[in-house]
Amino acid sequence: IMYNYPMKKILIAVSSLVIFSACHDKRDRYAKPVIPLGGGIGGNYSIVVFPRLHDTGVIARIFIKYASNTAPSDTNSYDMAKTSVTATGKEPQVHFDSLYTGTYFIRAIYGAAYADTIIAIDSKAPAETDAYLHLK
């Protein structure tokens, strides 16, 4: 089949458009919405952290960084640190109270073992969020 020159250009353009649109990565259509990184003290929410080693509660040092979803460079860069305590009949835990909605990076350290988690609190979250950190 012979194509004249303008028709050939149109055919190439349409074919290219079809190929490139078919190759477009559609995963971004299903991406989770970005969670705002706000956070800090003064709100109505609490995070309760339960540090565990080999399925047993331990007395560990717990660090929290407000408005963060990544680990700070060192423990001095966290906003607050507490040591877990054992209440009668309960396993060791730490309460971070009066938090605003936002994103919090939490690290538990017990000797050489540690564990991290990210907790996002939005307006639909319960007043208290439990986090079980399994140290390794």
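Biologist: How many salt bridges does this model have?

Modeller: The count comes to three salt bridges. Keep in mind that this is a predicted model.

Biologist: Why is the pair Arg52 and Glu91 called a salt bridge?

Modeller: The rule asks for a side-chain nitrogen of Lys or Arg within 4 Å of a carboxyl oxygen of Asp or Glu. For Arg52 and Glu91, the N to O value is 3.6 Å, so the pair meets the rule.

Biologist: What makes it a link between distant parts of the chain?

Modeller: Arg52 sits in strand 1, Glu91 belongs to the loop between strand 4 (80-83) and strand 5, and the two are 39 residues apart.

Biologist: Is Arg52 buried or exposed, and how do you know?

Modeller: Buried means under 20% relative accessible area. Arg52 has 18% relative accessibility, so it counts as buried.

Biologist: And why is Glu91 called partly exposed?

Modeller: The partly exposed class lies between the buried limit of 20% and the exposed limit of 50%. Glu91 has a relative accessible area of 25%, so it goes in that class.

Biologist: What makes Lys65 and Asp79 a salt bridge?

Modeller: Their side chains meet at 3.7 Å, N to O, and the cut-off is 4 Å, so they qualify. This pair also links distant parts of the chain: Lys65 is in strand 3, and Asp79, 14 residues apart from it, is in the loop between strand 3 and strand 4.

Biologist: Let's turn to the strands. What elements does the protein have?

Modeller: There are one helix and eight strands. From the N terminus on, they run α-β-β-β-β-β-β-β-β.

Biologist: What makes strand 4 and strand 7 edge strands?

Modeller: They belong to an open sheet of four strands with the order 4-3-6-7 and antiparallel pairing. Strand 4 and strand 7 each have a single partner strand, so one side of each is left without a neighbour in the sheet. The twist averages 20° from one strand to the next.

Biologist: How do you know that strand 3 and strand 6 pair?

Modeller: Pairing takes at least two bridges. Six bridges join strand 3 to strand 6, so they count as paired. Ile62 stands opposite Ala108 in strand 6.

Biologist: What about the core: which residues have the most contacts inside it?

Modeller: The largest nonpolar core has 23 residues, and those with the most contacts inside it are Ile47, Ile62, Ile64, Leu99 and Ile106. Among the elements that give two or more residues to this core are strand 1 (41-53), strand 3 (61-66) and strand 6 (102-110).

Biologist: Which residues is Ile47 in contact with, leaving aside its neighbours within four places in sequence?

Modeller: They include Ile64, Phe96, Leu99, Ile106 and Ile121.

Biologist: And how much of the protein is buried?

Modeller: Of its 136 residues, 31% count as buried.

Definitions and conventions:
Residues numbered from 1 in each chain as written. Predicted model: local features only at pLDDT ≥ 70, side-chain atom pairs only at ≥ 80, totals over all residues. Heavy atoms only, no water. Core = buried A, V, L, I, M, F, W, Y, C linked by side-chain atoms within 4.5 Å. Buried < 20%, exposed > 50% of the residue type's maximum accessible area, 1.4 Å probe, protein only. Contact = heavy atoms within 4.5 Å. Axes fitted to C-alpha atoms, helices over the stretch in contact; angles between N-to-C directions.
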